Amino acid sequence: MMTSDEIRLARTERTEWFLRDRFGMFIHWGLYAIPARGEWVRSVEKMDSQTYQAYFEAFHPERYDPQAWAKTAKASGMKYAVLTAKHHDGFCLYDSKLTDYKSTKTPCGRDLVREFLDAFRHEGIKVGLYYSLLDWHHPDYPAYGDRHHPMRENEAYKNRTPDFENYLAYMHGQVKELLTDYGRLDLMWFDFSYDGMTGETWRATELIRMIRSLQPHVLIDNRLDASGEYGGSIKSADPLEYSGDFASPEQIIPPAGVVDARGCPVPWEACITLNNNWGYHANDPMYKSPKTVIRKLIECVSKNGNLLLNVGPNAKGEIPAESRRILAEIGDWLTANGDSIYGCGAAPLEKPEWGRYTRKGNRLYAHIFEESVGPVNLNGLAGVIKSVRLLADGSELTLVRPWNTAEFRADAFINFGTPEHFSYPLPDDR
Ligand code: JFZ
């Protein structure tokens, strides 16, 4: 038994790289790339096994080139990546010995997870695997009472008596395979708990102990007892062994970051889609602009959080061109400005009216989202700041005080080429 202090200390040690790296790639990929209507397609459309089986028999992503994915991730400034080893449909992208419902038994014939891990490690990107606790394929995953199951309205299916213990043995066995046969993993992303299917329902303590005995350093998300939110027992004053290393707010950036019941910051990672779907959707043009994503990344870091940005490769195995275009621009921005993201966190200052601050040690990064009229107000920082530089090109900016506002005497302003008569250098006598 670990005490809650030991649990929190171990979490602090394990998450050190995670809090430095800040930006990762989420990859939702599987059979659902073929219908191309999102990863929930089987549930949403209540497809029976036979209908969905057609995608298994057709799965042949001949342009799957994980080296290309890894290069895309690297050029985008992403430091870690998480691939769906198994999503809710139960299809495994790896050569599990516990099932035939896997990529190696499709026309594809490849262990997609192994190739992903090799390619991303080769680029120096940390690797994680997503594993769905839900399983719409396994006969012993309880259909009755499962409001998501594709067969939820099928009478014969509802009247079965699934052996949930058998499913748990399968699930634990598959996780063990991933942690035993695939080298060092940096992160495991379990998804998700709901409707009382939570915590010990999954035999979570046993699962966690097995994982930690195999790979003690691996980071684990909070969804063994949470859903798509930033809650669960990770926020309690006394976290449990399965509470997780980080919270996983989904499609939302928490207004004030994440803290536990003691008021201590909890590591967190917002997972966000690039358009409005996780899995590939052929008809979803609602892409976020590079500018929006960059600002959301800044927002996460300004609140001590990470951003796990999703791509949904298509049935051929390619990251969609529009996603790659957006990622390339984000990468260009990070090449110039990454110092303000990696290794950074919240500044002990109020959010400024013009944008956001991030901080690393004694450096404060001012991310200016709004154009100003005149110099930019660094309210309250006069006398604290030694010098100001533009991050992208290193050029010096001057600290000034507007010429006509004596009441702002305590404030410093950055001068961005504002005409001289609007402002003057701060006098030395401050
Ligand atoms: C889950 C998955 O269902 C989804 O497909 C994707 O993988 C995402 C990252 O994680 O999304 C959820 C999980 C739980 C809820 C909603 C979406 N929930 O409880 O409402």
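This is a predicted model: local features need pLDDT of at least 70, side-chain atom pairs count only at pLDDT 80 or more; totals for chains, interfaces and linings use all residues.
Residues are numbered from 1 along each chain as its sequence is written.

Now for the naming. Helices (H or I, at least four residues) and strands (E, at least two) are DSSP runs, numbered from the N terminus. Strands of a sheet pair through backbone hydrogen bonds, either parallel or antiparallel. Here, two strands are said to pair if DSSP finds at least two bridges between them.

With that in hand, look at the whole sheet. Its 7 strands form an open sheet in the order β5-β4-β3-β2-β1-β7-β6, and the pairing is parallel. At the edges stand β5 (219-220) and β6 (268-272), each with a single partner strand, so one side of each has no neighbour in the sheet.

Next, zoom in on β1. Strand β1 (residues 23-27) has 5 of its 5 residues buried, so the rest of the structure largely encloses it. A residue counts as buried if 20 or more other C-beta atoms lie within 10 Å of its own, as exposed if 12 or fewer do, and as partly exposed in between, with C-beta atoms placed from the backbone. Phe 23, Met 25 and Ile 27 point one way from β1, while Gly 24 and Phe 26 point the other way.

What does β1 pair with? On one hand there is strand β7 (residues 305-311), joined to β1 in the parallel sense over 5 bridges, and Gly 24 stands opposite Leu 308 in β7. On the other hand, 4 bridges join β1 to strand β2 (residues 80-86), and these two run parallel.

Follow β2 onwards. Val 82 is found in this strand, and it is buried because 26 other C-beta atoms lie within 10 Å. The C-alpha atoms of Val 82 and Phe 26 are separated by 4.9 Å, although the two are 56 residues apart along the chain. Strand β2 also pairs with strand β3 (residues 126-132), in the parallel sense over 6 bridges. There, Tyr 80 has Lys 126 of β3 as its bridge partner.

On to the helices. Two packed helices are described by the angle between their axes and the distance between the axes. Axes are lines fitted to C-alpha atoms, for helices over the stretch in contact, and angles run from 0 to 180 degrees between N-to-C directions. Angles under 35 degrees count as roughly parallel, over 145 as roughly antiparallel, 65 to 115 as roughly perpendicular and the rest as oblique. Helix α8 (residues 164-181) packs against helix α9 (residues 204-214) at about 15 degrees, with axes 10 Å apart. That makes the two roughly parallel. Helix α5 (residues 66-75) and helix α6 (residues 112-122) pack at about 40 degrees, with axes 8 Å apart, and are therefore oblique to each other.

Finally, the ligand. Among the residues around it are His 28, Trp 40, Asp 191 and Cys 271; a residue is near a molecule if its C-beta atom, placed from the backbone, lies within 6 Å of it. This shell divides into 5 nonpolar, 3 polar and 3 charged residues. Here Ala, Val, Leu, Ile, Met, Phe, Trp, Tyr, Cys and Pro count as nonpolar, Asp, Glu, Lys and Arg as charged, and the others, Gly among them, as polar.
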